Amino acid sequence: MAKSMIPAAKPIVGDEERAAVDAVLASGMLAQGAEVASFEEEFSAELTPGATSIAVNSGTSALHLGLLAAGIGPGDEVIVPSFTFAATGNSVAITGATPVFADIELDTFCLDPDSVRASVTERTKAIMPVHLYGHPANMDELSKIADEHGLMIFEDAAQAHGASLHGKKVGTFGTFGAFSLYPTKNMTAGEGGMVTASDPEFVRQVQLLRNQGMLTQYQNEVVGLNNRMTNIHAAIGRVQLRKLAGWTASRQQNAAFLDANLEGVITPPVVDGAVHVYHQYTIRIDGSDGAERDRFATALREEYMVGCGVYYPIPNHRLPSLAPYAPGLELPVTETAAKEVLSLPVHPSLSQDDLERIVEAVNQTAKAGA
Ligand SMILES: *Cc1c(COP(=O)(O)O)cnc(C)c1O
């Protein structure tokens, strides 16, 4: 019997999500309302204790509104990684500010504090680390740099729901955190995002910006957007939030099995004090020129029916959209990562048979020297 493809990612949506959406539809209260308010409270309680959550319509909007609320705009520089989804740099650029791309550490794939330090100028306003693949960035060192230079910290936690460093949850380290609720993320609302922040004035500013600049109808205090979340999306998110801890535990168990059994590739380490939530389980094909990694991926898919993904094949500072912000910039570790990384399935729907097939596929392909 032909094996079926093990998908690289699989959103899990069940009867409870369906029932929650039905209840909202039956209520007639479709737009932002009580369901959104409950989701915000539950999100903070579960994932960012001490912070307030503000629900918006995407992770990108969460970054964008956070940046605007922090006063980022033309003439400002924000240091970001290049090895991330384009939304990170895009959100900075769309404010009129300049994204300044720094290099990463090859073990965690997150911002390298030395590269960040070297990127600080008199225009730098903030550092925006990404907790890539669900592993927390080096917040100890980045916070030190921010303190030394009077910079803000904005966290792109789009891939890192529940991750922490020394017991402190991502999304609570800086001026604000931004989470995504896109279907392939660790939990979803269909589409959606959360801004997390603890300063009441900052929170109020984000609440204003997401709703045409008003908290009371027709009393528009500032120029704003419509980036609201609907009650329908919030209903899905609330159910998913209750399941997240169990899913994260499955991701971590799946990762532990892969750590223990993969051979011939570099598995992703977890730094001391970090909790990794494995949005992706990303191995490196050591010394790959990119083409070798692509052949490796093709072998997994075609010979073993193991889905896999490359996040991200083109560093942001080389994309046609963002390259104009980085003329002549060289980020050697970022370039290496872009050629070597391969993300394997680690999602909660994997069976033991699936995990064993992934291990066999990787170990045989590595042995064959793709
Ligand atoms: C998904 C993602 C975003 C954007 O989130 P959306 O909900 O898709 O807008 C931002 N940053 C990173 C690192 C992401 O992975």
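R293 is buried because its relative accessibility is 4%; buried means under 20% relative accessible area, exposed over 50%, and partly exposed in between, with a 1.4 Å probe and protein chains only. R293 belongs to helix α9, which covers residues 291-304. This is a predicted model, in which local features need pLDDT of at least 70 and side-chain atom pairs count only at pLDDT 80 or more, while totals for chains, interfaces and linings use all residues. Residues are numbered from 1 along each chain as its sequence is written, and side-chain values use heavy atoms, with hydrogens and water left out.

**Helices, strands and loops around buried residues**

- Helices (H or I, at least four residues) and strands (E, at least two) are DSSP runs, numbered from the N terminus.
- In R293, a polar atom of the side chain lies 3.5 Å from the backbone oxygen of K339. A polar contact is a pair of N or O atoms within 3.5 Å; within protein, one must be able to donate a hydrogen and the other to accept it, and residues adjacent in sequence count only if both atoms are side-chain atoms.
- D76 is found in the loop between α3 and β2 (77-81). D76 counts as buried because its relative accessible area is 10%.
- The side chain of D76 reaches the backbone nitrogen of G73, at 2.9 Å.

**The ligand and its surroundings**

- There are 14 residues around the ligand, and T60, D156, Q159, S180 and K185 come nearest. A residue is near a molecule or strand if one of its heavy atoms lies within 4 Å of it.
- The residues of this shell divide into 4 nonpolar, 8 polar and 2 charged. Here Ala, Val, Leu, Ile, Met, Phe, Trp, Tyr, Cys and Pro count as nonpolar, Asp, Glu, Lys and Arg as charged, and the others, Gly among them, as polar.
- Helices α3 (59-69) and α4 (87-93) each supply at least two residues of the shell around the ligand.
- In the side chain of T60, an N or O atom is 2.6 Å from an oxygen atom of the ligand.
- For Q159, the distance from a side-chain N or O atom to an oxygen atom of the ligand is 2.8 Å.
- For K185, the distance from a side-chain N or O atom to an oxygen atom of the ligand is 3.0 Å. On its own the ligand has 380 Å² of accessible area, and the protein covers 93% of it. Accessible areas come from the Shrake-Rupley method with a 1.4 Å probe; for residues, only the protein chains shown count as cover.
- The ligand takes up the space of the largest pocket. On a 1 Å grid over the protein atoms alone, a pocket is an open set of points with protein on both sides within 12 Å along at least five of seven lines, whereas a cavity is a set of points where a 1.4 Å probe fits but cannot get out; lining residues have an atom within 4 Å of a point. A molecule sits in a cavity or pocket if more than half of its atoms lie within 2 Å of its grid points.

**Backbone features**

- The peptide bond that joins Y311 and Y312 is cis, with omega about 15°. Y312 lies in the loop between α9 and α10 (332-340).
- F109 is not a glycine, yet its phi is positive, at about 65°. F109 is part of the loop between β3 (98-102) and α5 (113-119), and it counts as buried because its relative accessible area is 3%.
- H166, also a residue other than glycine, has a positive phi near 50°. H166 is placed in the loop between β6 and β7 (168-169).

**Positions along the chain and in space**

- Y182 lies in the loop between β8 (176-180) and β9 (193-197). Y182 counts as partly exposed because its relative accessibility is 38%.
- Y182 and N57 are 125 residues apart along the chain, and their C-alpha atoms are separated by 9.7 Å.
- G162 sits in the loop between β5 (152-156) and β6 (164-165). G162 is buried because its relative accessible area is 16%.
- G309 lies in the loop between α9 and α10, and G309 is buried because its relative accessible area is 6%.
- G309 and E46 are 29 Å apart in space, C-alpha to C-alpha, and 263 residues apart in sequence.
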